[in-house]
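Subject: Model for your files

Hello,

Here is the model to go with the sequence. My notes on helix packing and the nonpolar cores follow below it.

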Amino acid sequence: MIYLAEPNLSGNEKKYLNQCIDTTFVSSVGEFVTRFEEDICKVSEVKYGTAVSSGTAGLHMALRACGVGRDELVCIPTFTFIATANAVMHCGAEPWLIDIDVKSWTMNPEVLEEELLKKAYIREGKVFHKASGRRVGAIMPVYTLGMPADMDEINRIADRYNLPVIADAAAAIGARYKGENIGGIANATVYSFNGNKTITCGGGGAIVSNQERLIKLAKHLATTARCGIAYDHDMVGYNYRMTNLQAAVGCAQLERVEEFLLKKKYIRNFYNQSFRQVEDVLLFPEVKWADSACWFSGLVLSDSCKVKKLCEALKEKGIEAKAFWKPIHLQKPYLQAERSDMTISEKTWDRIITLPSSTGITETELEYVVSSVKELL
């Protein structure tokens, strides 16, 4: 089977894991946790960062550190994995769902601004939703499949409404926005290191920022809000710590981050060149403002009915392919969530098919995927 996103563990992962075992530092304390946090800051070109147990935990802690609390609203795109919305709910808040820009598949700033102008008001420097009276606590754009959102516009709107911006960059490590590293273009940026990500720890996540107070508070909350070495806790905290075992894998992975990113871009270009002239097929988005991390690559088909059939037929040929995320506003827990018009998301999501994009995929395997897809189409 040629898998969709198989982890590439051919570096120092085993060596570093053995060091953890030999030293018995396998839990949330150890040299690799500290090293991983330092390395992730270097890769992100920011001053501060903290490792956590998952990308979802990172979003939760970043939201809490930015002051988001119970019965508030957070603006997020509907076109995302459900973890984005779940992190908002973990704060006791609820998502305000925004449609996407057709060119980038990321939050549409024009729709965001229109929603805030039409449905919100400012009082004493805070933003409130007219119909419910709830405070709007933050804006959380998602860098879809590694593609940065139009952050200049989103940050402009955030500044106008005095709202923090937390970037869900789960799959976007290494992406750039107008030539700049994405690490510092929001108040906080959150990565995931799940097994299918470009850089994996097996699980885990990280929050990075140039705001020291934000990272200190997020780290404090994620480590049970413990004060010093005694069992004193000054807040309701969470056990969201990354283990030394996970960090050991992550350190080995980050040693090869540039290699992995180049391979992801190579895969994207291979598919684009192979399918550019195929009838009734569109390619994944490219925009002038961003250099995507190209986490997943694939196609947009003319008919949503073809996606399931193609995935099933490819499986029979030993190729894993998948449909895209079902938008949040169509998910059972969020059917009643506040939302914009969802025209673009609804026209797009069920026509997307993701194809094998592992960093260890070979040229022969890529050629086999392409020939199989063309044959079946």
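Helices here are DSSP runs of H or I with at least four residues, strands are runs of E with at least two, and both are numbered from the N terminus.

Before the rest, two notes on the source. This is a predicted model, in which local features need pLDDT of at least 70 and side-chain atom pairs count only at pLDDT 80 or more, while totals for chains, interfaces and linings use all residues. Residues are numbered from 1 along each chain as its sequence is written, and side-chain values use heavy atoms, with hydrogens and water left out.

Helix α10 (residues 305-316) packs on helix α12 (residues 363-376) at an angle of about 130°, and their axes are 10 Å apart. Axes are lines fitted to C-alpha atoms, for helices over the stretch in contact, with angles from 0 to 180 degrees between N-to-C directions. The two helices are therefore oblique to each other (under 35 degrees is roughly parallel, over 145 roughly antiparallel, 65 to 115 roughly perpendicular, and the rest oblique). Leu310, Ala313 and Leu314 of α10 meet Ser372, Val373 and Leu376 of α12, where contact means heavy atoms within 4.5 Å.

The axes of α3 and α7 come within 9 Å and cross at roughly 125°, which makes this pair oblique. Their crossing is right-handed. On the α3 side the contact is made by Met61, Arg64 and Ala65; on the α7 side, by Arg213, Leu214, Leu217, Ala218, Leu221 and Ala222.

Helix α7 (residues 212-222) has Leu214, Ile215, Ala218, His220, Leu221 and Ala222 as its buried residues (buried is under 20% relative accessible area, exposed over 50%, partly exposed in between, with a 1.4 Å probe and protein chains only). Their cover includes β1 (48-52), α3 (55-65), β10 (188-192) and β11 (205-209). Just after α7, Thr224 has a positive phi of about 60°.

Lastly, the cores. A nonpolar core is a set of buried Ala, Val, Leu, Ile, Met, Phe, Trp, Tyr and Cys residues joined through side-chain atoms within 4.5 Å. The largest has 59 residues, of which Phe36 and Phe193 touch the most other members. Apart from this core lies another of 34 residues, among them Val74, Ala85, Ile207 and Ala218.

Regards

Notes:
Left-handed = near helix turned anticlockwise from the far one by under 90°.
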